[in-house]
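Here is a short briefing on strand pairing and model confidence. Keep the sequence and the structure open as you read.

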Amino acid sequence: MIRTRQTLLIPNGVDVLSGTYCPATGHHIAQRGVTNVLRNFGCLIDEPPTTREALGLPPTTIVFADQYIPAPVRGFWETAVDPGERVKEGQCLGRISFPEELEREPHEVLAPYDGVCIGSRAIVPTRPGDVLITYGREVTKQAIMDGTL
């Protein structure tokens, strides 16, 4: 449990919609991460935040996830980008192939704008409407604090 100035957060590792499971180590990593984010944004003031610089890591990339790109057709999904990868508008994010129609060309799913891939579907078989890619644009901490996303 994490107490902030405005609310009480209770991390939950079970995604009830997809049936996935998060082990205890995942809970601990998530809790440390959420706590550190709250410290960075001034919502939790118990101690200074841990900086990426102090850990010898590159600066944080903050991404506003505003695109959940759905499968337009049924087929087999093959991702072409990795989470965290920056992509250009029109770049291929992945393709859907049609194993029952071998003569049919794969359908390419293209980036709607310059942005960052946040995650990709792990399950190969897809149906129309399944989310293939979670995608967003880079934003600054100041834009979040100002509410100017």
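Which residue in β8 is the bridge partner of arginine 86? The partner is valine 116. This is a predicted model. Its protein chain has an average pLDDT of 83.

**The open sheet**
- Four strands form an open sheet: the sheet has 4 strands in the order β3-β10-β8-β5.
- Pairing in this sheet is antiparallel.
- The edges are β3, residues 62-70, and β5, residues 86-87.
- Each of these edge strands pairs on one side only.
- Strand β5 runs antiparallel to β8, which spans residues 115-120.
- The two strands β5 and β8 are joined by 2 bridges.
- The arginine 86 to valine 116 pair is a bridge to β8.

**Pairings of β4**
- Strand β4 covers residues 75-79 and pairs with β9, residues 125-126.
- That pairing is antiparallel and has 2 bridges.
- Glycine 75 has threonine 126 of β9 as its bridge partner.
- Strand β4 also runs antiparallel to β6, residues 92-97, with 4 bridges between them.
- Opposite threonine 79 sits glycine 94 of β6.

**Confidence**
- A pLDDT of at least 70 is reached by 85% of the residues.
- Residues 1-19 stay under 50 in pLDDT.
- For residues 1-19, the model has 30 contacts beyond four places in sequence.

How values were computed
Residues are numbered from 1 along each chain as its sequence is written. This is a predicted model: local features need pLDDT of at least 70, side-chain atom pairs count only at pLDDT 80 or more; totals for chains, interfaces and linings use all residues. Side-chain values use heavy atoms; hydrogens and water are left out. Two strands pair if DSSP finds at least two bridges between them. pLDDT is the predictor's confidence in each residue, from 0 to 100. Contact means heavy atoms within 4.5 Å.
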